[in-house]
Amino acid sequence: MALGCLARAMGPALPGVSSARAALLRAPRLLHSGVFAKAGGGAAPAAAAAGKKGGKKGGAKEEGAEGPSGPYSPTVRLPTTDFSLRANSPVREPQIQAWWEEQGVYRGLAEGGAGEPYTLHDGPPYANGDLHIGHALNKILKDFINRYQLLQGRRAKFVPGWDTHGLPIELKVLQSLPDKERKSLGVLELRAKAREFALKTIDAQRAQFKRYGVWADWAAPYVTLEPAYEAAQLSVFGKMYTNGHIYRGLKPVHWSPSSRTALAEAELEYPEGHKSTSVYVALPMTAPGDKAAAHPGLVEALQGAAFAIWTTTPWTIPANLAVALNDQLEYCVVEVAAAAEGAAAEGEAAAAAAGWAVRRLVVAKELVARLGEKTGAAFKVLATVKGSELEGCQYKHPLYDRVSPVVIGGDYITTETGTGLVHTAPGHGQEDYLVGQRCGLPLLSPVDDAGCFTAEAGERFAGLQVQGEGNKAVCAALREAGVLLREEQYEHKYPYDWRTKKPTIFRATSQWFASVEGFRGAALEAIRGVGWVPGGGLNRITGMVEGRGDWCISRQRKWGVPIPVFYDTETDEALMTDETISHVTALVAAHGSDCWWTLSVEELLPPGLRHLAPRLRKGEDTMDVWFDSGSSWAGVLQATPGLAYPADLYLEGSDQHRGWFQSSLLTSVAANGVAPYKAVLTHGFVLDERGQKMSKSLGNVVDPRVVIEGGKDAKAAPAYGADVLRLWVASVDYTSDVAIGGAILKQMADMYRKVRGTLRFLLGNLSDYSPAQHAVPYDQLPGLDRYLLSRLHAVLTEVAAAYDNYQFFKVFQALQRFVVVDLSNFYLDAAKDRLYIRGPDDPARRACQTVLDALLRGLLAALAPLVPHMAEDAWLNLPYPRPAGSVFQAGWAAPDPAWAAGLTAQQAAGWAVLLEVRDAANAVLEKARSGKAIGAGLEARVVVHVAEPAAAAALAALDAAGNGADELRYLLIVSQVELVSDAAAVKLCPFHDTVPSAAGAGSISVGVTRASGPKCARCWNYSPAVGAAQPAEYPDLCERCSPVVAAAAFKPAAAGAGAKQPAVAGV
């Protein structure tokens, strides 16, 4: 049933906000909430009382409205509040945010709270563009946690951060410049432009984050380009160096030709659909090894044989220095079947191998048949031997005049693909490098920074791009040499540069590394001491740390923190000591990292080493940006008062197990031996409503700014405000990928309005209530009110547990269910009669208001972390003096233990039966309404039979309570209810039904007939007492309404004075 009162409701002037600004918020709006509307609901006192002021002419009537007014309208206590159903979020939310800032609400709580500090450390977003919906999900989740902790009294200081160094910003700057200016740009000019770009982007992103309603130290964020942060990062580097975890090495690393720099694993992505040219190649044997030579039969079979290898990177063949095999596998020496042996198939097989320069091959036994299928050749097995017996054999490179060995590899050599023999180029692969180190192989990598062959690869290949023409040229050369057995396209996952979206290569270069092997055990132990949410994060990061190689931390870029190393100009020997690192760190703290380029070598060296300056040059590499952000525990947690190290929580996307979570862990463990966090929470990615990845080309991108402020087409993209966006974040299970789109946002907006309408109803019905004067003690409350408080206790307990476990979707579900099922569909529906019809100080009315006040405070606390603007708006509209300036300063509304203890199990069971009776009665009332027997519910008399005696007794006790709240007619919202002892009496009613009880009441029978007696002109209940009630001067009122009207000394207008119906309307 709808709250039909129409009244002027203006938004309150916010404390601390000028009247001119506040006036922008004010607009006439209805005190009507469709939340409680029910088709065909029973009449009760509301709508016509206030009439239709301001309504559209010819518009739909409110539920139960019979006319513009009624003679007793002034005596009905209608809800009154300035809290509007229409949020006007684009205007209202920014003003509430301004009020928070002016009042210093966040600052006061974060710095002056009575509880312990709470530190959620912010993973820095990259400062190179506008925010997307994933940023919104991330920061809003963090805000949920921080606001809840603040409500609990903890000092949840949140320092936001930005990652500002590295290639993406450098590329943005370079791409923005004309070609001529780009070519002439010096290092310091580039760095200045990059800094300017980053700071400008930070300002833009900060404004967007603040619009989400996120509380943080926005005026004092951490930025990785700040001198103090850079110095802290260098201090971490220095600690790791002192602990023996930093070294310089020549080894293969992920290299991006498109960026011309080394990359860490966290800077790679593996898109679906990549296709590589794969080749099967024969490497002709020149001599058997000692073990093979001991078997004459094997030596004979190996005469003229070649080792068959398979690779998806033909361009690495010029760097081949060995063939590796698995010593535990069995290998066969096979020969191509000759056509002379007769069969046509054998002739075809021989033709397939006609261009081969070899007739015999060595291949894993399990892969002989597969090689035959791939090449079209038929093979005859000449010998079978264990892999260990082939160690030491030698073969000649088919393109160069060099001989290389067959070596034992490792478990990475399997029979899942290929030939069971692995082409080994130590300069172009991690396993290859390790095998080469063990076997004393040189490091050959004839590829330059641009990904092109060098002269070392030979005149035929020099200058060719290895992943393009170079690949083709190598395949052609192998074919000409008669050793290309098969060439085909192979689809697999391949590493791409996550910034340029182009494929990378493995290439040996001189780089600086963090030796993960030196502290891997400590890192794994630290991981086990961290709480991972969801739990699968533990296995995920454990596997990554167990399997990762040493961390390449050097980058060949200019925009970053320099690696503080000097090189001898003649020998290229590195000079880096604790003393030199400390001296450079102090200079960076004072002048910023630009000093590495502005100061001379002599100035950068400590006094005791300046005599070496003439023969030294500065290193040109900068640090991996993951080292930048991975040092934030030092630059922020250890450096900022009010923050804790280790942090209570890190929260980012699930991709950060190989990114920030891991880099932070490795630097912290390597420097200090501890993890930088106590717990880690991860969320998934945001997809569209169909589960597809968002893409501008698909047109399915959801921009958080458009969600909040609206789009060009207001109908297609309405301005929902930040709270609706936040409500969406609360509604999803973020532990996996989540979806968003127009239909989902509309659902969230509907739920937002439902909750807002509920808050508005609570506020409106407390307009004449003062907790200090009117609160009713718990033991004097009617049973209905005590039942509702027990439900509130259960919900607030459930919500607090969900917040504690970061399960915000459970908070959302619990509150949604409570608002819709317990409040809208039941308690508030039944409460309207008490609130509107009873006298102002009637005990039943004040009891109901006592519960409404508890509901309001509990709901506002529970909602505040999720929808803070709405919660604060409602709090500022409290009709009595606010207990605290802000809803957040009021703290968490812990439920009174008496609310749970005051309801016995037997009483709870009785209320469960009552709710079943109510559902059954509503179903039969609807049948009677459809049959035209009744209109509104108040026209009905309901007859009830419950089979189980104890349940029947519980209902009878409620009906006999006489407190104006527990009587069944008020609970069922009808004029009359009769409990009968015989189910046959129910069947005498024209409409009836019997349903089973799930609450232990046996069966429930309900009948409906028309109520007896005239209709009361004020409350619209039907009663035989209408016309017989005292005082007699109100002959059209019932026994309840007559005393109330008389006490108010109200005199109704004379008959015919314009009242169309002698009534007030229903809700």
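Helices (H or I, at least four residues) and strands (E, at least two) are DSSP runs, numbered here from the N terminus. By that numbering, Pro-879 is found in the loop between helix 31 (868-876) and helix 32 (897-901). The structure is a predicted model, in which local features need pLDDT of at least 70 and side-chain atom pairs count only at pLDDT 80 or more, while totals for chains, interfaces and linings use all residues. Residues are numbered from 1 along each chain as its sequence is written, and side-chain values use heavy atoms, with hydrogens and water left out.

An automatic or database domain assignment supplies the domain bounds. The protein chain is divided into domain 1 (277-449 + 460-489), domain 2 (741-902) and domain 3 (905-1012). Taken over C-alpha atoms, the centres of domain 1 and domain 3 are 86 Å apart.

A pair of helices comes next. The axes of helix 26 (residues 742-764) and helix 29 (residues 808-837) come within 10 Å and cross at roughly 35°; axes are lines fitted to C-alpha atoms, for helices over the stretch in contact, and angles run from 0 to 180 degrees between N-to-C directions. The crossing of helix 26 with helix 29 is left-handed, that is, the near helix is turned anticlockwise from the far one by less than a right angle. With contact meaning heavy atoms within 4.5 Å, helix 26 contributes Met-748, Met-751, Lys-754, Thr-758, Phe-761 and Leu-762, and among the residues they meet in helix 29 are Phe-812, Val-819, Leu-823 and Tyr-836. The residues of this contact divide into 11 nonpolar, two polar and two charged, where Ala, Val, Leu, Ile, Met, Phe, Trp, Tyr, Cys and Pro count as nonpolar, Asp, Glu, Lys and Arg as charged, and the others, Gly among them, as polar.

Helix 29 has a kink of about 50° centred on Leu-823, the bend at a residue being the angle between axes fitted to the seven residues ending there and the seven starting there. Helix 29 is largely enclosed by the rest of the structure, because 23 of its 30 residues are buried (under 20% relative accessible area; exposed is over 50% and partly exposed in between, with a 1.4 Å probe and protein chains only).

Pro-879 is partly exposed, with a relative accessible area of 32%. Not counting residues up to four places away in sequence, Pro-879 touches Leu-763, Leu-766 and Ser-767.

His-992 lies in strand 32 (residues 991-996) and counts as partly exposed, at 35% relative accessibility. Its contacts, leaving aside neighbours within four places in sequence, include Val-924, Lys-927 and Val-1006. His-992 and Thr-1009, 17 residues apart in sequence, are 9.0 Å apart in space, C-alpha to C-alpha.
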